[in-house]
Amino acid sequence: MITFCYHSTFKDTMLNNQWLNTFITLVDVGHFTQTSEKLFMTQPGVSQHIKKLEDQVGTLLLHRIGKKFELTQAGEALYNFGRLRATEEADLLISLKTDNPYSGDCRFGCSGSMAMFLYPKFLARQSKHPDLHISIEAAPDQRIINEVLNNNIDIGIITQHVISTELEQESLGHDALCLVVPHQYKNQKMTFVELNQLGFINHPNGEQYAEQVLRANYKDDYQSIKQIRKISYINQLNQILLPVSMGLGYTVLPRTTIEQFELQDSIAILPSDTIVNEEHFLIKKKFRQLPKRYQWFIDLIKKQ
C-alpha cells in the first residue's frame, strides 16, 4: 500500500486539480510534447506541473528514460486515484442533470403506527424499482420536525399543526383512535374499571392515545394517566396487538393500524360514545425541491 508523505508546504492542502489533470493526461498520452499540444501548454509547462505535483505529494511520480518515462509505484497509485475521481465526477454531473423517478434515496418520518401502515406499501414500490432505497424513521412529532428541518428526512407525517416559516404543511385528514380488546369482549360496553382489570398494553404512543380516548369516554371514572394499570410494554409495532389477541389486555391504536393486524378474528374494537380522531399533516421543507421519485409516495399518502 502506498502512503503519501506530504511536503510541509502543502501539508494542509488538497491535491491541485490542474497539476493532477496534467499528470493524468501525460500518462494517457505517453509523451510530453503531445501532452503539451493537447493541453495547449508549453512542454516546460507540462514538466513544471509534474514537478509541482511531486513536491506536493512528497515523492517521485515518474522516471524519465530518454523521451519516454516509467511511472513509479506512487505514480501508478496517484494515476489510478485520479482516473477514479474523474469517473466519479462525470457520473455525478450526469446524475445532477437527471431526475430519475425510479431511483435514489427516499427518506420519511412518521409515527410508529403510521410506519406500520405505510411501510409494506412502500416496499411494494421498491420491489418494482430496486434502485429506490426506502427508509422510514418512526419517531415522535418534534423529532420528525427537527429531522425535516435538518434535511435528514425529506417527508414527515405528524399529528400536530406546526407554525414554521421553513416548512410547508398539508392536512391529510384524520384517523380514529380505537380501544382494542380481546375478541370475547366484542360489542360489549366495558367500564373503565373493567378495562383496568383487564390491563393496558403500552407502546411508544400508547399513553398519548389512551389519555385522549379514556378522557373523552370515561369522564366520570378517568382523571389521570396514573390510573391506568399497565401490564405490558412493546415497541415492536407489528407485535402490539399480539398480547391483545391472546386475551392478555387492551390497547389504543389508530383504526388503520388495527386493520393491518393479521389475526382480526382474535381482537375487537370496543364501541365508544365519543370518537377521538388523530389529525395527520404532511410536512416538507418549504424551499427544498424534492426529486420526482417522491411524487408517487406523496400521492399514495394523500389517498390513504
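I began with C106, which is buried at a relative accessible area of 0%. I kept in mind that this is a predicted model.

**Cysteines**

I looked for disulfides and counted zero. C106 is in no disulfide; its nearest cysteine sulfur, that of C110, is 14 Å away. A disulfide needs the two sulfurs within 2.5 Å. C110 is likewise in no disulfide, with the sulfur of C106 as the nearest, 14 Å away. I also checked the accessibility of C110: 2% relative, so C110 counts as buried.

**Aromatic pairs**

Next I turned to the rings. I found nine aromatic pairs in the structure. One of them joins F192 and Y218: the centres are 6.3 Å apart, the planes are at 50°, and the pair is tilted. I then asked where the two residues sit. F192 lies in helix α7 (residues 192–198), and Y218 lies in the loop between α8 (206–217) and β8 (230–233), so the pair ties together parts that are 26 residues apart in sequence. I noted F192 as buried, at 4% relative accessibility. Y218 is buried too, at 8%.

I moved on to W296 and F297. Their ring centres are 5.0 Å apart with planes at 85°, so I logged the pair as edge-to-face. W296 is partly exposed, at a relative accessible area of 31%. F297 is buried, at 0% relative accessibility. I traced both residues into one aromatic cluster, formed by F108, F122, Y294, W296 and F297.

**Charge over a ring**

Last, I looked at R64. R64 lies over the face of F32, and I noted a distance of 3.9 Å from the ring centre.

Terms used:
Residues numbered from 1 in each chain as written. Predicted model: local features only at pLDDT ≥ 70, side-chain atom pairs only at ≥ 80, totals over all residues. Heavy atoms only, no water. Buried < 20%, exposed > 50% of the residue type's maximum accessible area, 1.4 Å probe, protein only. Phe/Tyr/Trp six-rings, centres within 6.5 Å; stacked < 30°, edge-to-face > 60°. Helix = DSSP H or I, 4+ residues; strand = E, 2+ residues; numbered from the N terminus. Lys NZ or Arg CZ within 6 Å of the ring centre and 35° of its normal.
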